[in-house]
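Biologist: I would like a close look at one part of this model, with each term defined as it comes up.

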Amino acid sequence: TKDINVQHPIRNIEHIRAFYKNFPTRLAAVRKGFNRPLTLSEKILYTHLYHIEDARDFKRGHEFANFRPDQLVMEDLTAQSAMQQFLVAEFPKVQLPSSIHCDHLTLASEGAIKDLKVSNYDNRVTYKFLSDVSDKLGIDFWEPGAGIIHQETLENYAYPGCLIVGCDSHTPNGSGLGGIAIGIGGADAVDCMSGVEWELPVPKVIGVKLTGELKGWSTPKDVILKLLGILSVKGGTNAIIEYFGPGTDTLSATGKATIANMGAELGATSSVFPYDSHMMDYLRKTGREEIVLMANKIAGDLRADKAVYENPSKFYDQVITIDLSTLEPQVSGPFSPDADMNLSEMKENVKKKGLSDKIEAVLIGSCTNSSYEDISRAASIAQQALDHGISVKCPMFLSPGSNLVKATMDRDGLTQVFQKLGVTVLANACGPCVGMWNRKNNPKRKNTIVHGFNRNFRKRNDGNPLTEAFLVSPDIAVAYALGGRLSFNPMTDTVTGKDGKAVKLEVPHGNELPPKGFARAGTGCHTATFKTKVIKIDPSYDRLRLLDPFPAWNGKDIQGLPLLIKVKGKCTTDHISPAGKWIHYVGNISRISDNTLSVADNAFQPGKLDHVFNQKTGTYDKVSSVAKSYKAANQFSCVVADENYGEGSSREQAAMQPRYLNVQVIIARSFARIHETNLKKQGILALTFANPDDWNKVQEKDRISVVGMKDFKPGKPLTVILSHADGSQDRVQVNHTYTDRQIEWFRYGSSLNMLRAQNQA
Ligand code: F3S
C-alpha cells in the first residue's frame with residue numbers, strides 16, 4: 001500500500017520464507033505426535049522442535065523438550081557475557097539470525113543528545129567490543145540511541161508463528177505479532193548461536209479469555225496489571241499465557257505486545273495471541289507486506305484449534321476471563337508489580353497504607369509502552385494541559401522505544417507537545433527503566449514516583465531504596481503528572497487551569513498506527529561485513545575481560561560446604577546482582593562479583609544487608625568478601641534461599657557471580673525458571689527442599705553436604721546433611737529438575753565447557 005515507508009529490506013527474509021514454506025509439514029508432524037486438538041502455544045512451540053520427529057503429547061510442567069528458535073536478540077548488558085562465552089567456544093559464526101541492541105547502558109539525565117554523547121564516550125570500549133564481535137560473527141548490531149531491544153524486535157524481527165529467544169526477560173514483548181518470544185540466559189544464547197539444541201521445560205498453558213472492549217481511560221496495560229493482581233508474580237511460572245476470545249481482536253498489535261511484555265512479571269515463559277488484522281496492519285505499516293501474504297496462507301493455524309476454544313478448560317491448565325468493557329485503569333505498587341488495585345481505590349489506599357501522596361517524578365515510554373498508540377494517546381492529554389495552561393507538578397521524562405517511533409513522533413508534532421509541557425525527552429533507550437537515571441535532587445527519603453514501565457522493585461529506577469514506584473498506563477501517568485497526587489483520579493477529579501477554573505480532563509484518544517505511515521528514519525542497524533577478524537580488549541579497561549572456564553566437578557559427593565548466606569524472603573536477580581553503578585562492570589566478572597547478594601536479606605542478621613558470618617575467621621563481612629576468602633582457601637560454599645529465588649530479570653551475572661565466587665550448591669524453596677536454568681548452565685547445583693519447611697532447619701554456622709551424587713539422575717532426589725555447630729545433624733531430602741544433558745553440564749563445570757569440548761572433539 002502507498003503509505004508504507006519501507007525502512008530497509010525485511011531482515012532474514014530467506015529464513016522467514018523457509019519458515020512459512022515448512023510450517024504445514026512441520027505442523028502435520030506435530031499433529032501426528034500429539035493426536036489431539038492443539039492450543040496455539042503448542043502449534044508454534046512444537047513446530048520449532050529441534051527434532052520434529054520427537055513431537056508427542058509432552059507432559060506439561062514435567063519434562064523438557066529441545067527447540068531451534070528462529071531468531072536471537074540480545075541487549076548490550078547480556079550480550080557482553082553471551083559473546084564472551086561464545087568466543088570461548090570458538091565458533092567461526094553464529095548459526096541462527098542474531099542481533100545485539102545497545103539500549104541498557106545509555107544514560108538518562110539531560111535529554112537524548114547530551115546523554116548519548118556522554119554514554120558513547122563512557123561505553124566506547126564495550127560498544128566497540130560488541131560491534132566487532134557482531135561484524136566478525138554475522139550479527140546485526142543496533143547502535144546506541146537506535147532504540148530499545150523489544151521495540152526493535154517488534155518492528156524488525158517478529159512475525160506470526162515465529163519463535164524468538166532473547167537475552168532479556170521482557171523478550172516476550174515480541175509475542176505481540178502472533179509468535180512466541182521467550183527470555184533466556186546468556187549461556188542458552190550460546191547454545192542457540194552454536195546451533196545446538198536449546199532446551200526448555202515444557203510449559204503449561206494458561207488460557208486467558210478476553211471479552212468486551214476497552215473504553216475510556218482503560219488500556220492494554222491495565223489488562224496485564226489486572227492479570228498480575230489475579231495471578232501474582234508467581235502465577236505464570238513455567239506457563240505460556242494464551243489469550244483468546246473476542247476481546248483479543250479488539251486490541252492493537254502493540255497493545256498485545258505490552259501485555260506480552262509484562263507476562264514476564266507473572267513469571268510466564270511467554271504469552272501468545274491469535275493472528276489477526278491488527279497484526280497485519282502493523283506488519284504492513286512497518287514495510288512487511290510479504291510476511292502478511294505468507295502468514296495469511298497459514299492463518300487458520302495461527303490460532304488454536306476450534307475444539308480448544310469450544311472447551312477451553314479441557315485444553316488449558318487454567319482459564320481466566322477478563323471483561324475488557326468493565327476494566328478500570330489499574331495502579332500497581334509499590335515494590336511489586338502484582339500489588340494491583342483499581343485507580344478508583346487509590347484515594348482510600350493512600351490513607352490506609354500510609355503512602356506518600358505527592359508524586360515527585362513521572363516517567364513514560366520504555367519497551368513496555370512507547371508504541372505510536374501509547375504516545376499519541378498520552379500526547380492528547382498533554383495537549384489538553386497546554387490548551388488549558390495546566391502545568392506538570394513534577395519532573396517528567398519520556399523514553400521513546402525506537403528511531404522509527406521517535407521520527408514519527410517528531411514529524412507528527414507529538415514530541416513538541418511533550419517538550420512544550422516541560423517533559424525531558426530522553427534517548428531511545430532503557431534509561432530510567434534499568435536504573436541509568438541520573439535523578440536530580442534524588443530525595444533519599446520516602447517518595448512516590450509513577451511510571452509506565454514494567455518493574456517497580458526497590459531501587460530499580462533511581463537506586464534509592466525509599467522510592468516507592470507505581471506502575472500505570474502512559475495515559476494515567478500523564479494525568480498523574482498533571483494532578484500531582486496518587487489520590488488523583490482523572491475520571492472524577494479536576495485540575496486547575498491557568499484561568500483558575502477547574503478542568504476535567506477528557507478521555508485520551510490516539511491512533512493505533514500513524515495515519516501518515518511511519519516516518520522515514522535511519523535504523524541505526526549495522527549488518528555484518530565479516531571484515532573483523534580479531535577481537536582485542538584493552539587490558540587497562542576494567543569493564544571488560546575475556547572469561548576463563550569454570551572448574552569441572554570432581555565426581556564425588558559434596559562435603560562440608562560452609563553456608564554463605566541463608567536468604568529470607570524475596571530475592572530477585574536484582575538482589576543477587578544489583579544494577580545501578582554495577583551495570584558498568586557486567587563484562588568483568590571479578591569486579592562485578594563484589595556486589596553479590598549485597599541487598600538480599602540474611603535470615604540470621606535481619607536489617608543488616610551484606611553482612612554474613614565467615615566460618616574461617618569467625619567474623620562478619622560482606623557476602624563477596626566471605627566467599628572470596630573461602631575461594632582463596634580452595635573451598636566451595638553453599639547458598640540457601642527462599643521461594644522463587646532469582647525471579648525478575650534474566651540477568652546472567654546473577655548465576656555467574658556466585659559460580660565465580662565458588663558457590664557450588666544453591667538450595668531454595670523454589671526457583672524462578674530462567675534463573676534455575678542459568679545456574680545449571682554455569683555449573684551450580686540448583687536444588688529445592690522436598691519439604692519447604694526444611695528451610696527452617698538451616699543454621700547460621702552450618703556445614704552442608706550433598707550425598708548420593710554418584711547416583712545423580714533425572715528425577716531422583718538427593719540428600720543434604722546439615723551439620724550444625726553444636727555437633728547435631730539434620731538430613732533433608734532435596735529435589736532437582738536436571739535432565740541427562742544438564743547433569744553433563746554440571747559434570748563438565750558448565751554448559752560452555754561441554755560445548756567447547758564437543759567443538760574441539
Ligand atoms: Fe529496557 Fe526496561 Fe525494557 S530495561 S528492555 S526498557 S524493561
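Into how many nonpolar, polar and charged residues does the shell around the ligand divide?

Modeller: This is a predicted model, in which local features need pLDDT of at least 70 and side-chain atom pairs count only at pLDDT 80 or more, while totals for chains, interfaces and linings use all residues. Residues are numbered from 1 along each chain as its sequence is written.

The shell around the ligand holds seven nonpolar, five polar and two charged residues, where Ala, Val, Leu, Ile, Met, Phe, Trp, Tyr, Cys and Pro count as nonpolar, Asp, Glu, Lys and Arg as charged, and the others, Gly among them, as polar. In total, 14 residues surround the ligand, and the closest of them are S366, C367, C430, C433 and V434; a residue is near the ligand if its C-beta atom, placed from the backbone, lies within 6 Å of it.

Elsewhere, helix α11 spans residues 289–297, and its buried residues are I291, M294 and A295; helices are DSSP runs (H or I, at least four residues) and strands likewise (E, at least two), numbered from the N terminus. A residue is buried if 20 or more other C-beta atoms lie within 10 Å of its own, exposed if 12 or fewer, and partly exposed in between, with C-beta atoms placed from the backbone.

The axes of α10 and α11 are 7 Å apart and form an angle of about 150°; axes are lines fitted to C-alpha atoms, for helices over the stretch in contact, and angles run from 0 to 180 degrees between N-to-C directions. The two helices, α10 and α11, are therefore roughly antiparallel, since angles under 35 degrees count as roughly parallel, over 145 as roughly antiparallel, 65 to 115 as roughly perpendicular and the rest as oblique. M280, L283 and R284 of α10 make the contact with E289, I291 and V292 of α11, and by class this contact comprises four nonpolar, no polar and two charged residues.

Conventions. Two residues are in contact if their C-beta atoms, placed from the backbone, lie within 7 Å.
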